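Here are a few exercises to work through with the structure open beside you. Grab a pencil and take each one step by step.

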Amino acid sequence: MNAVEAKLNACYENIRKLTDFEPRVAIVLGSGLGDFAENIKAVCAVSYRDIEGFPHSTVQGHKGQFIFGYIGDVPVVAMQGRVHYYEGYAMTDVVLPIRLMRRLGAQTLILTNAAGGINFDFSCGDLMIIKDHISSFAPSPLLGENIESLGTRFPDMTAVYEPALCEKLAECGKKLGIALREGVYLQTTGPQYESPAEIRMFRSLGADAVGMSTVCEAIAARHCGYKICGISCITNLAAGMSGKPLSHEEVKETADRVGRNFSALLTDFISTL
Ligand code: HPA
């Protein structure tokens with residue numbers, strides 16, 4: 001058996017020794033957005049460190065655990081902290097949690113992240129529904145032998161972010177009086193922030209926001225058959241746009257400030273699923 005599939009199977013067996021919970025919705029919580037997990041009626045938590053072979057995050061502000069429980073009547077699993085390619089993990093490890101949550105039963109995936117705003121109309125603190133992505137600046141998580149048990153060799157990427165879910169998110173925003181942007185998210189490998197020249201290039205390519213995650217997860221998720229939607233928290237204006245240097249502190253501060261709206265939106269949205 002392919003080593004990637006064998007590792008996925010081993011992690012699945014491992015986690016099934018700790019919980020038999022079957023989530024319907026999986027949520028990946030981005031930098032500074034982990035507090036949403038407090039809205040979950042938790043049944044159990046599993047630390048990434050307790051799953052043998054599972055990659056765990058080294059980033060400040062990322063807790064590194066799965067929370068299993070309910071939002072309303074909906075069984076969910078939330079990742080408090082994700083792993084990033086820039087931490088040195090193979091792309092197949094970076095997307096292993098996505099595949100694992102699908103194995104555990106999740107059918108819908110909600111990806112969230114902190115991102116730099118590239119669109120001139122965006123402000124720091126905005127929430128953006130991800131309508132499409134640009135993956136060309138990071139390696140594909142599907143490189144290598146295809147895992148047929150997960151999905152097809154050449155998956156279609158025409159509508160990665162399910163239009164019906166995007167619409168539902170927009171409706172929840174309207175209902176709650178939370179203004180939502182829409183746009184295209186571009187993933188870099190990081191860990192360095194972009195240069196102003198790179199941001200100008202990304203803008204000319206059609207990107208509205210930039211970050212160091214999410215797209216590889218969305219590709220792996222599309223491959224293994226999830227319904228997907230995504231929300232970016234615009235934590236800062238991208239390099240060269242505000243005249244200030246970029247910092248992880250600013251990213252965390254803004255995510256903290258927007259946390260309440262973000263959590264309200266997500267809670268309302270999930271309870272409609
Ligand atoms: N660039 C890349 N990743 C990010 C940014 C940014 O400006 N803000 C938050 N994550």
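Before you start, one term: two residues are in contact when heavy atoms of theirs lie within 4.5 Å. Also keep in mind that this is a predicted model.

**Exercise 1.** Find out which residues Ile-231 touches, leaving aside those up to four places away in sequence.

*Solution.* 
- Step 1: locate the residue. Ile-231 sits in strand 9, which covers residues 227-237.
- Step 2: apply the contact rule. The partners of Ile-231 are Leu-111, Thr-112, Asn-113, Leu-127, Met-128, Ile-130, Leu-169, Leu-265 and Leu-266.
- Step 3: check the accessibility. Buried means under 20% relative accessible area. Ile-231 has 1% relative accessibility, so it counts as buried.

**Exercise 2.** Work out how helix 1 and helix 3 are oriented to each other.

*Solution.* 
- Step 1: know what to look for. Two packed helices are described by the angle between their axes and the distance between the axes.
- Step 2: get the values. The axes of helix 1 (residues 3-16) and helix 3 (residues 96-103) come within 10 Å, crossing at roughly 55°.
- Step 3: classify the angle. Roughly parallel needs an angle under 35 degrees, while roughly perpendicular runs from 65 to 115. Helix 1 and helix 3 are therefore oblique to each other.
- Step 4: The crossing of helix 1 and helix 3 is right-handed.
- Step 5: list who touches whom. Helix 1 brings Val-4, Lys-7, Leu-8, Asn-9, Cys-11, Tyr-12 and Ile-15 to the contact, and helix 3 brings Leu-96, Arg-99, Leu-100 and Arg-103.
- Step 6: sort them. The residues of this contact between helix 1 and helix 3 are seven nonpolar, one polar and three charged.

**Exercise 3.** Decide how the rings of Phe-54 and Phe-66 are arranged.

*Solution.* 
- Step 1: see the wider picture. The whole structure holds seven aromatic pairs.
- Step 2: now the pair in the task. The ring centres of Phe-54 and Phe-66 are 5.5 Å apart and the planes stand at 65°, so the pair is edge-to-face.
- Step 3: Phe-54 is in the loop between strand 2 (41-47) and strand 3 (65-71), and Phe-66 is in strand 3, so the pair ties together parts twelve residues apart in sequence.
- Step 4: check burial. Phe-54 and Phe-66 are both buried.
- Step 5: zoom out. One aromatic cluster is formed by Phe-21, Tyr-48, Phe-54, Phe-66, Phe-68 and Tyr-70.

Technical notes
Residues numbered from 1 in each chain as written. Predicted model: local features only at pLDDT ≥ 70, side-chain atom pairs only at ≥ 80, totals over all residues. Heavy atoms only, no water. Axes fitted to C-alpha atoms, helices over the stretch in contact; angles between N-to-C directions. Helix = DSSP H or I, 4+ residues; strand = E, 2+ residues; numbered from the N terminus. Parallel < 35°, antiparallel > 145°, perpendicular 65-115°, else oblique. Left-handed = near helix turned anticlockwise from the far one by under 90°. Nonpolar A, V, L, I, M, F, W, Y, C, P; charged D, E, K, R; others polar. Phe/Tyr/Trp six-rings, centres within 6.5 Å; stacked < 30°, edge-to-face > 60°. Buried < 20%, exposed > 50% of the residue type's maximum accessible area, 1.4 Å probe, protein only.
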